[in-house]
Amino acid sequence: MSHLPISPAAPAAPAAQSTSEEASRATWGSRLGFVLAAAGSAVGLGAVWKFPYVVGQHGGGAFLAVYLACVLTLGVALLLAEMTIGRLTGQSITTALRMLSGRGWAWVGRVATFNAFAILSFYVVVGGWTVAYLLRALTGTVLTHDTATLVSEFSAFTANPVASLTSMGAFLGLTALIVAAGVQKGIERAGKWLMPALFLLMLMLIARALTLPGAMAGVAWFLTPDFSVISGGTLLEALGLAFFSLSLGAGMIVVYGSYLPKDARLAGSAVWVATLATLACFLAGLMILPAVFAFGVAPNAGPGLTFITMPAIFAQMPFGHIVAVAFFLLLLFAALTSSVSLFEPVTAFLIDEYQWRRSTAVIAVLVGTFLFGAPAALSFGVWSDVRLFDRTIFDLMDYVTINLLMPAGGLCVAFFVGARIWPKARAVLEGSRAQWFVPLWRVLLLVLTPVAIFGVWYHSL
Ligand code: TRP
């Protein structure tokens, strides 16, 4: 079972320990299992919550085009790079970088792990919203097509400190439970039917959304790029969202890649993960933006967009009550498979680096995330006036982690794989059918990635 080509004496994988008696590192049950687990991490609130509202704020089709360009180039190259690091070492990112290249690089791993922690801290705020909306769907209180009511209810809920902290705590607790139980079996199994179910439900909801009167204006707005609206800020958001929706730049894919069996086809897996994540974003856009236009909601309404438009769609459907429950349940599961993938690398870091027991590490991450996330939750209400650089605490955490730290992590990984360990990285793809991609991969890592990231930063900061 063990596949530690570099150092057989390296500490065993944390996630594997809870399920296996032997000290060797477990692997995914199959390549499909890995692809689904990685896609389960990628497909989450980023697609269904963040993508539609960011498209809404940044002018529709043009944003979609830039986003797609980022995913297809940098996105695929960096997914493959992170998988390669994991596959070569069988370790989480900090340990992996030190093993391959010494102490200095371990700091990159530490920063990436901190970034996962910081993202988790605001991710659980929105995760809490899905818990609360699931309860409202169950009781039926959310079903109204009066969007003004939905807007004011959303603001009242997020502004209420007790309600938002409790639901955030519930979501965080669920995440910690899954991680404590050992993620592998659970995540691998859950991915196999939850993801298809989410996609099917989205298709059904798209059908309803598209037949609303006035919906076609939203479709046209989403699919017709108007490049004149693109600013430096738009490019930065599209780049950041590409990283976020693929779970890149925070060492996450390294950890999942470290469980890959030796014979796995990496390039194919990277393309699959990117395709599923992009498809989820695209479907979410088609589901929400037409409804935004049909109901006359402002497209730039911000983080509440999904929670305001979806209930209005449910209210106008046969069996809307059941559909609402199914939707928020699937959204909750999608969010959990993603938050687990943010929680796990931080836990793995504490175990790998400091030899903490798994249970201690889980409790530490749980408490730390709650304390770090609480200000973000409160910034929708009692602390909404606390502003730094003209942003609320939540917005600031979102901006710094997604638009600055994730691309920075990506830059380091690109240089590391494309230059520092290139012979080893290339060897990993030996024998694969994707030979033609190898030189292109290196160009993407060493030329396009730095040019795009520095270019976008230069234009927007
Ligand atoms: N991709 C997830 C989403 O879209 C968020 C996420 C999960 C993530 N794991 C990550 C982002 C690791 C960065 C790094 O909802």
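Tutor: Seven nonpolar and three polar residues, with no charged ones, make up the lining of the second largest cavity. Here Ala, Val, Leu, Ile, Met, Phe, Trp, Tyr, Cys and Pro count as nonpolar, Asp, Glu, Lys and Arg as charged, and the others, Gly among them, as polar. Before going further, please note that this is a predicted model, where local features need pLDDT of at least 70 and side-chain atom pairs pLDDT 80 or more, while totals for chains, interfaces and linings use all residues. Residues are numbered from 1 along each chain as its sequence is written, and side-chain values use heavy atoms, leaving out hydrogens and water.

Ten residues line this second largest cavity, and Leu-194, Met-195, Leu-198, Ala-334 and Thr-337 lie nearest its centre. A cavity is a set of points, on a 1 Å grid over the protein atoms alone, where a 1.4 Å probe fits but cannot get out; lining residues have an atom within 4 Å of a point. Helix H9 (183-210) and H15 each supply at least two residues of this lining; a helix is a DSSP run (H or I) of at least four residues, numbered from the N terminus. The volume is about 90 Å³, meaning the space filled by probe spheres set on the points, which are joined across faces, edges and corners.

How many cavities of 30 Å³ or more does a search of the whole structure find? There are two. The largest cavity holds about 130 Å³ of space. Its lining has 13 residues, and Ser-41, Ile-119, Phe-244, Ser-247 and Leu-342 are the closest to its centre. Helices H2, H6 and H15 each give two or more residues to that lining, and H15 provides the largest share with three residues. Sorted by class, the lining of the largest cavity has eight nonpolar, five polar and no charged residues.

In total, 16 residues surround the ligand, and the closest are Ala-42, Gly-46, Tyr-123, Phe-244 and Ser-341; being near requires a heavy atom within 4 Å. The shell is made of nine nonpolar and seven polar residues, and no charged residues.

Let us zoom in on the polar contacts, which are pairs of N or O atoms within 3.5 Å. The side chain of Ser-341 has an N or O atom 2.9 Å from a nitrogen atom of the ligand. At Gly-46, a backbone N or O atom lies 2.8 Å from an oxygen atom of the ligand. Ser-41 also brings in its backbone, with an N or O atom 3.3 Å from a nitrogen atom of the ligand. As for the surface, the ligand on its own has 360 Å² of accessible area, and the protein covers 100% of it; such areas come from the Shrake-Rupley method with a 1.4 Å probe.

Technical notes: Polar contact = N/O pair within 3.5 Å; in protein donor to acceptor, adjacent residues only side chain to side chain. 1 Å grid on protein atoms, 1.4 Å probe; cavity = no way out; pocket = protein on both sides within 12 Å on 5 of 7 lines; lining within 4 Å.
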